[in-house]
Protein chains: 2
Amino acid sequence: MLAEIITIGDEILIGQTVDTNSAWIARELNKIGVSLLRIRSIKDERESIVEALDTVSPDASLVLMTGGLGPTRDDITKKVLADYFNTELKRDPEILQRIEDFFIQRGRDILESNRMQADLPVDAIILPNLMGTASGMWFEKDQKIFVSMPGVPYEMKGLMEREVIPRIKENNELPSIYYRTVMTEGVGESFLADRISDWEESLTAKNISIAYLPSPGTVKIRLGAKGENLEDLKKKVDAEIESLYAQIGSHIFGENDISQEDAIADMLLKSRLSISTAESCTGGYLAHLITSVPGSSAYFNGSVISYSNEVKISQLNVRPEDLESNGAVSKEVVEQMAKGVRKKLATDIALATSGIAGPDGGTEEKPVGTVWISLAAKEGVFSKQFLFEKNRDRNIRRSALAALSMLRRYLDGRLF
Amino acid sequence: MLAEIITIGDEILIGQTVDTNSAWIARELNKIGVSLLRIRSIKDERESIVEALDTVSPDASLVLMTGGLGPTRDDITKKVLADYFNTELKRDPEILQRIEDFFIQRGRDILESNRMQADLPVDAIILPNLMGTASGMWFEKDQKIFVSMPGVPYEMKGLMEREVIPRIKENNELPSIYYRTVMTEGVGESFLADRISDWEESLTAKNISIAYLPSPGTVKIRLGAKGENLEDLKKKVDAEIESLYAQIGSHIFGENDISQEDAIADMLLKSRLSISTAESCTGGYLAHLITSVPGSSAYFNGSVISYSNEVKISQLNVRPEDLESNGAVSKEVVEQMAKGVRKKLATDIALATSGIAGPDGGTEEKPVGTVWISLAAKEGVFSKQFLFEKNRDRNIRRSALAALSMLRRYLDGRLF
């Protein structure tokens, strides 16, 4: 089964909103063996919507539309769809009740524009939206399914999970598709590709696709195969993934879009070790990554973010003379930060970061992007200097990921 | 001038990558009066690329393509473009030198696949990429401009800023376009729309467009107008923005996509007040937002992230008996956290958060999404309870934004 996505809304075309919905939908479709042919983002205008519907690929039998269903005046999709599919809008008493309940539960006043969201096309299957007030609509025409959903991500996701995916699975015999993705860190895309080039060459003959997906600090490698029998696909892709581990295993921190913080969560839970952080240049982002994992309170005690030298001295017992002679971005200071927070918050492990995130503060000797990272544990203290980039956001992110990478190597027994 | 974007890459269609490039490009085009007709994401395959080029709208005179130019084997765009525009690839010695220098500077080994990135179409204008090794390519055909750029965001951005935008401006007479966006917080989209509905009604006759762009915790309201004379457009849009301030000014925290943390940065710098945070449920995210602003070290001293009760007691002087009797998520505890960190890190203002981010940890009395936020300053301590949502990420984000909102009200003199 082949599908297309059409996202409707001027906010995407003028760049005020990043389209995160499409990537999520694409992943969910892939899981059930539906492949995306194309994603189109178009204007919230009658002509554009009609043109997009008229030019759906003959190969696509499913068209998922998001956006253009809000209560405000700039949303016109619903009327256009009713006309396009030759039906009319009628107030749906059940949905109206649901909308009224939605407002009552939240103690908010209901407006006529909210009630109008119960005006729905007579010839569509209405998909109730439990997270908001814009219903989903399922149309069928010329052997194709067209589904319209609101653009608010969690409302769209709720509709996909509860209504759209189950209906697609029910009504179609879907081919098997199997992907496996390994997550690597600490090595660049072309270096990776070179190290595994002979093996990669051999994949084509086996009908296995490979893709490299780089992002700051990590490269994902994805293998995929498509066919009739899922077990056969699994067997052949799994064998190649095993071969990949044999070649570059030490750079692999997990699979299937796991984040480094999730991978580390598992390791910390198993080892029953606790952790704290002392952060200067990462400014809380490292702690945020760690605490973005549900249940992280089982191993994360807390953090001291020491953005000023005074806080480094008073809260982490960094020696003023070392700050004076070596500067805050130095081996001496970052190691004292790691040891200081480990003792203060009484954890088994502590991570510390100190660097020049930029855009200002760089010198010839220590340019923007210079970062020291340290790990303190019962075995002692380990630290390493990095030189990242000129961009503040990327430096913060790469510093936090490098700290997690150091932690992973420690938990793997490869640091000391 | 009308434009289209084509993003090339299977990674977008299988959802492994979110297309952030298009939103950025859209914003840059808008600034120079170029409007986007459509964004398409297509497969990294000859047929799909050719089909997309063949079906560019007759109205579009600019086509910006991103992706498909990396050194690895899954990227085929360059060859397809050379064929499509009837030219051939030839190794460019100047670009080869640039690529070799790029690797030497970084102390990395150069591979043949990297050198092959200097094989470039003879009949295209080559746009040098200072951030990476994949050059941009500028083709012209049938009165249309086609530009191909790498998909790595910062490489694409460098090419757009240094090469593409200046060339577009040079070669075209562009119409004027003027947008102004105000950022609101603390009030929902339909409530806002209702409060300003009469005024909104009046905009159509004035040829001013309005859009509401909600995201967790904030709603952007964007007014826009297009015409010949930029000064006229500015005058009429600015007058309506003034009217908007008169109607809902207390909810507006800034303009033109400013974040709350940026808005607050300006206020803190002017007031010369310093700040610290004590974070439980936000786990460092609040400090991260504050420190994501360049120069934040001028007002941010640091933070104590007290994820465990022990750290709340030992580092923030929270009374064990209050933790025992009221629980960590309570007015008593969050106020002691705020006062504790303010004293400890010696700042004028302190913010504290304590809540149940979820997905676990909720009770009937304190369900997931219950969050206490407190601000301590010389005037005393203020605190407020919130009930957000079931989703952990959104709770963390909304808690941090609510804390920033409280800080803004304090700095505005509206809290005490």
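Guide: Start with a strand pairing. In this predicted model, β14(A) and strand β14 (residues 300-306) of chain B pair in the antiparallel sense, over five bridges.

Visitor: What is the bridge partner of A:G302 in β14(B)?

Guide: A:G302 is bridged to B:S306.

Visitor: In which sense do strand β13 of chain A and β14(A) pair?

Guide: Strand β13 (residues 275-279) of chain A and β14(A) pair in the parallel sense, again with five bridges. Within that pairing, A:T277 has A:S303 of β14(A) as its bridge partner. A right-handed β-α-β unit is made by β13(A), helix α12 (residues 285-291) of chain A and β14(A).

Visitor: Is strand β14 of chain A buried or exposed?

Guide: A residue counts as buried if 20 or more other C-beta atoms lie within 10 Å of its own. Seven of the seven residues of β14(A) are buried, so the strand is largely enclosed by the rest of the structure.

Visitor: How is chain B related to chain A?

Guide: Look at the rotation and at the shift along its axis. Chain B is superposed on chain A by a rotation of 180 degrees with 0.0 Å of shift along the axis, at an RMSD of 0.1 Å. The two copies are thus related as by a two-fold rotation axis. Of the interface residues of chain B, 100% are also interface residues in chain A, so the copies meet through the same surface.

Visitor: Which residues touch the most other members of the largest nonpolar core?

Guide: That core has 126 residues, and A:A338 and B:A338 touch the most other members. Leaving aside neighbours within four places in sequence, the contacts of B:A338 include B:A278, B:L351 and B:V381.

Methods. Residues numbered from 1 in each chain as written. Chains lettered and ligands numbered in written order. Predicted model: local features only at pLDDT ≥ 70, side-chain atom pairs only at ≥ 80, totals over all residues. Least-squares fit on C-alpha atoms with pLDDT ≥ 70 in both. Contact = placed C-beta atoms within 7 Å. Core = buried A, V, L, I, M, F, W, Y, C linked by C-beta atoms within 7 Å. Buried ≥ 20, exposed ≤ 12 C-beta atoms within 10 Å, placed from the backbone. Helix = DSSP H or I, 4+ residues; strand = E, 2+ residues; numbered from the N terminus. Pairing = 2+ DSSP bridges. Right-handed = clockwise from strand over helix to strand, strands pointing away.
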